[in-house]
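Here is a short tour of a protein model, written for someone who likes to know the cut-offs behind each term. Have the structure open and follow along.

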Amino acid sequence: MKPRDRDARKRCVTADLSQGGMRVDDSAEVESAEAALDDRDGHRLDGALTRVTTPEPVSQTRGHADGTPALGMRLGIFGTGYAGLVTSVCLAQLGHVVTAVDKDAETVAALSQGMPTIREPGLPELLAANLDAGRLHFTTRPEEAICASDIIFVCVGTPPRNDGRADLAQVEEVARTIAPLLDGYKLIVEKSTVPARTARWIDWTIRRLARPEHEFEVASNPEFLREGTAVSDFLQPDRIVIGADSARARSLLLDLYKPYFDCPIVLTSVTTAEFIKQTANAFLAAKVSFINVVSDLCEALGVDVTAVARGVGLDHRIGGDFVNAGLGFGGSCLPKDLSSLITVAEDHGVDIDLLKEVERINNARVERLLAKIERALWVLRHKVIAVLGASFKPDTDDIRGAPSLTVIPWLHAAGANLRVYDPAALPKLKKLFRPDDRLTYAATALEAARDANALVILTDWDEFRMLDLKLVRSLMRTPIIVDGRNMFAPAEMRAAGFEYYSLGRGDVTLGAERHRAWT
Ligand code: NAD
């Protein structure tokens with residue numbers, strides 16, 4: 001295997017987002033090192049790895065022996081939420097013909113007119129370009145997506161149930177929908193994140209309801225995109241995981257991706273691919289909780305967690321990503337995938353206390369911030385608090401699993417007057433928390449800060465980093481910032497005249513020596 005040339009790989013599929021276009025380099029070479037072993041379930045064993053070093057041009061058409069075109073494949077996608085919409089748009093961008101189906105008629109109507117239903121950098125341009133090119137079609141009619149497709153992707157939600165398990169009702173519904181509409185061989189591919197062995201349930205469900213003459217298979221191709229950078233993550237992935245239990249399924253998915261990507265393609269059994277995704281998210285969650293425990297210890301020791309994270313993160317075995325101390329992980333994926341994996345382990349009698357602790361540590365982060373707010377303001381009743389940031393991370397309007405969902409009602413219940421601002425997430429937040437005499441939504445961060453007793457930062461939007469701190473200070477009644485994302489340097493905040501409370505770095509207070517920031 002050649003050493004990985006990450007830069008070359010990144011050059012191969014380049015989304016020119018400003019143009020809504022894409023450049024693909026023009027020669028292909030495939031290296032394959034597939035292990036011809038079986039796992040305990042009799043599946044082809046994992047670890048088979050295909051590396052594509054340079055993709056073919058998007059315009060070149062290759063074909064299977066039976067004449068089926070390998071490029072410009074016909075794809076059906078169920079679900080046009082955060083994962084499904086990005087998948088649809090990006091696969092169309094690669095040159096495939098995509099029919100995306102969603103139950104939500106409003107979503108379909110908006111997308112059909114080129115209006116994105118989620119905030120995601122680069123998405124509007126690619127949506128418009130591919131609608132115009134006629135490669136992308138949205139519908140509420142499942143039969144259109146099934147009949148017109150060789151491969152059907154399942155991208156519907158798998159939200160958490162109250163008991164921590166993944167709720168697979170949307171996945172089951174798609175399986176029941178597909179079964180009677182099968183009209184020839186179809187490859188049904190899980191892109192939704194699901195517990196290991198979900199594919200078997202999909203297979204059984206369809207088999208029970210479909211006519212026996214129609215062939216189908218179920219494969220897994222988990223999605224690793226991150227909201228906020230989803231388009232570039234999809235088009236420039238670190239790796240592609242293909243879980244397929246037959247040569248035919250594996251070949252179809254390789255044809256779908258191989259010509260376009262110069263990244264490792266990991267070929268596994270279906271069950272292993274499902275498990276890889278949940279394991280990846282559990283590991284990322286563990287990294288975040290680890291640094292947050294270290295952060296608490298840093299506060300006790302008078303050490304700055306940012307310096308510690310940098311010092312350890314430069315070790316390539318550890319890595320500098322996901323070692324930012326703060327409010328912990330949120331969103332619709334990490335928390336639910338972690339709790340789902342815990343239940344899978346419990347079902348199999350495997351000791352999973354490590355991951356339970358990761359979850360417990362994360363759940364305690366918001367409480368720690370609330371304690372800091374109380375310590376900074378003492379009595380909260382009638383205090384004006386500007387809340388900056390409602391989305392679970394920057395560059396998305398997604399509020400699922402966001403700290404704001406806990407912090408806002410808690411402060412409201414404590415009697416504070418809240419002014420909330422977020423660059424993208426307010427429409428979603430307003431549906432959850434109606435404005436009242438103590439909760440208003442501001443049009444800008446500065447408007448929120450005006451006459452505030454404190455400013456609480458919940459999301460690290462770049463826009464907040466750019467704020468004119470002098471102006472902010474002049475607008476506030478008392479210059480107090482409680483920063484759940486460690487966006488500013490304590491020394492900078494001290495110089496700007498703020499009381500500044502962050503996580504794991506010491507607090508900047510009004511001269512109280514023992515709470516001094518360690519700068
Ligand atoms: P989402 O809730 O935003 O989208 C789900 C969509 O599916 C909705 O638009 C819904 O209307 C539609 N839907 C539900 N049932 C349907 C049906 N029977 N037919 C057609 N459409 C139907 O969810 P999401 O965030 O896109 O996540 C989807 C899956 O992808 C989850 O399993 C998630 O874990 C996984 N995933 C998400 C991300 C992410 O960043 N959001 C990243 C990787 C993987």
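## Overall picture

The protein chain exposes about 22,800 Å², and carbon and sulfur atoms supply 53% of that area; accessible areas come from the Shrake-Rupley method with a 1.4 Å probe, and for residues only the protein chains shown count as cover. This is a predicted model, in which local features need pLDDT of at least 70 and side-chain atom pairs count only at pLDDT 80 or more, while totals for chains, interfaces and linings use all residues. Residues are numbered from 1 along each chain as its sequence is written, and side-chain values use heavy atoms, with hydrogens and water left out.

The protein chain holds 19 helices and 18 strands (DSSP runs numbered from the N terminus: helices are H or I with at least four residues, strands E with at least two). Of its 519 residues, 54% count as buried (buried means under 20% relative accessible area, exposed over 50%, partly exposed in between, with a 1.4 Å probe and protein chains only). Among contacts (heavy atoms within 4.5 Å) between residues at least 6 apart in sequence, 71% join residues at least 24 apart.

## A six-stranded parallel sheet

An open sheet is built from six strands in the order S15-S14-S13-S16-S17-S18, with parallel pairing (two strands pair if DSSP finds at least two bridges between them). Strand S15 (439–441) and strand S18 (499–501) stand at the edges with a single partner strand each, so one side of each has no neighbour in the sheet. From one strand to the next, the twist averages 20°.

Within this sheet, S13 (residues 384–388) and S14 (residues 417–421) pair in the parallel sense over five bridges, and valine 387 stands opposite valine 420 in S14. Helix H13 (residues 353–377) lies across S13, S16 (454–457), S17 (480–483) and S18, running at about 170° to S17; axes are lines fitted to C-alpha atoms, for helices over the stretch in contact, and angles run from 0 to 180 degrees between N-to-C directions. Helix H14 (residues 404–413) also packs on the sheet, touching S13, S14 and S15, and its direction makes about 160° with that of S14.

## Leucine 418 in the sheet

Leucine 418 is found in strand S14, and it counts as buried because its relative accessibility is 1%. Leaving aside neighbours within four places in sequence, its contacts include Ile385, Val387, Ile408, Leu411 and Leu439.

## Salt bridges

How many salt bridges does a search of the whole structure find? The search finds 30, each a side-chain nitrogen of Lys or Arg within 4 Å of a carboxyl oxygen of Asp or Glu. In one of them, the side chains of arginine 119 and aspartate 395 meet at 4.0 Å, N to O. This pair links distant parts of the chain, 276 residues apart. Arginine 119 is partly exposed at 35% relative accessibility, and aspartate 395 is partly exposed at 31%.

Lysine 191 and glutamate 223 meet in another salt bridge, at 2.8 Å, N to O. Lysine 191 lies in the loop between S9 (186–190) and H7 (198–209), and glutamate 223 in the loop between S10 (216–220) and H8 (230–235), so the pair ties together parts 32 residues apart in sequence. Both lysine 191 and glutamate 223 are buried. Elsewhere, salt bridges that share partners join Asp296, Glu299, Arg365, Arg368, Lys372, Arg375 and Asp507 into one network.
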